[in-house]
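Hello,

Here is the structure I promised to pass on. Have a look at it first, and my notes follow below.

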Amino acid sequence: MSLAKKQYKRVTTNSLIEMKHNGEKISMLTAYDYTMAKIVDSAGIDVILVGDSASNVMAGHETTLPITLDQMIYHASSVVRASLRSLVVVDLPFGSYQSDPKEALRSAIRIMKESGGHAIKVEGGKEIKESIKRILGAGIPVMGHLGLTPQSIYKFGTYSVRAKEEAEAEKLIEDAMLLERLGCFSIVLEKVPAALAKQVAESINIPVIGIGAGNGVDGQVLVTHDMVGMTHEFHPRFLRRYLNLFDDMSNAFKQYSKDVKSKDFPSDKEQY
Ligand code: KIV
């Protein structure tokens with residue numbers, strides 16, 4: 001099932017650029033495992049992001065910093081096995097690309113070879129320019145990520161809206177243009193004022209996919225566990241919850257426990 005204007009057998013980096021030029025908004029959600037990725041892919045979501053938010057959502061860490069390259073490869077390979085149509089983009093984790101371009105390339109190659117992912121995502125602009133060039137030079141598609149970049153949380157100090165001041169907004173626009181010039185196929189823009197995000201999307205030819213960046217961009221991304229309400233302690237303004245699975249699952253587990261303890265489960269029909 002897909003609501004796409006044009007049917008894509010497999011969404012590619014070129015399809016996303018085509019969607020931008022056709023005025024078709026891009027849908028992107030996260031997945032970290034086979035079962036969730038199957039549901040996301042079969043719902044016709046254009047891009048599955050194997051985000052380093054797995055560090056929070058899957059492993060319970062406070063930040064995205066602890067997740068390792070091996071762990072990202074494990075999550076990504078499970079997602080790739082499930083995906084028939086969606087483009088699978090995999091985050092390069094903190095520490096795997098910032099120190100030097102050769103290491104960045106080695107990390108990106110490991111993701112592509114060992115997980116089968118279709119592209120990688122990195123956080124930052126000018127500071128990681130050489131790493132991005134190296135990775136692109138090896139033929140690996142790169143998605144950028146600007147605005148609130150959670151791998152730099154200890155530099156920012158908070159998860160509040162970025163680029164509200166003119167100097168930071170100007171740097172963000174310059175970084176977005178640089179990422180386009182380098183050859184990135186798309187940019188995620190996280191938690192920036194809607195007017196600025198719209199300006200960025202209108203200034204470049206590659207798609208800008210927003211999270212907390214308003215409706216003037218070329219697509220939207222959410223963390224799946226947040227939008228289906230499996231997580232329930234996180235209430236940012238930008239999050240639309242489509243389900244309340246924390247409560248639904250919790251009620252199911254309570255009912256199951258009652259049924260086991262009362263010997264109602266299994267019934268005659270549920271045994272051999
Ligand atoms: O890791 C992630 O899930 C992300 C999205 C929030 C864009 O980078």
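**What I found**

The C-alpha centres of domain 1 and domain 2 are 39 Å apart. The domain assignment, which is automatic or taken from a database, places domain 1 at 13-241 and domain 2 at 245-272.

A word on how to read this: the model is predicted, so local features need pLDDT of at least 70 and side-chain atom pairs count only at pLDDT 80 or more, while totals for chains, interfaces and linings use all residues. Residues are numbered from 1 along each chain as its sequence is written, and side-chain values use heavy atoms, with hydrogens and water left out.

**The barrel**

Eight strands form a closed barrel with parallel pairing, in the order β1-β2-β3-β4-β5-β6-β7-β8. From one strand to the next, the twist averages 25 degrees (axes are lines fitted to C-alpha atoms, for helices over the stretch in contact, and angles run from 0 to 180 degrees between N-to-C directions). Strands here are DSSP runs of E with at least two residues, and helices are runs of H or I with at least four, numbered from the N terminus. Two strands count as paired if DSSP finds at least two bridges between them.

M28 has V221 in β8 as its bridge partner.

**The ligand**

Which residues surround the ligand? They are T30, L49, G51, D52, S53, D91, K121, H145, V188, E190, I211 and V223, where near means a heavy atom within 4 Å. This shell divides into four nonpolar, four polar and four charged residues (Ala, Val, Leu, Ile, Met, Phe, Trp, Tyr, Cys and Pro count as nonpolar, Asp, Glu, Lys and Arg as charged, and the others, Gly among them, as polar).

Ligand oxygen atoms lie 2.5 Å from a side-chain N or O atom of S53, 3.1 Å from one of D91 and 2.9 Å from one of K121. On its own the ligand has 260 Å² of accessible area, and the protein covers 95% of that (Shrake-Rupley method, 1.4 Å probe).

**Two backbone details**

Most residues other than glycine have a negative phi, and most peptide bonds are trans. A163, in the loop between α7 (153-156) and α8 (166-182), has a positive phi near 55 degrees. F265 and P266 are joined by a cis peptide bond, with omega about -5 degrees; P266 sits in the segment after α11 (245-261).

Best wishes

Conventions. Polar contact = N/O pair within 3.5 Å; in protein donor to acceptor, adjacent residues only side chain to side chain.
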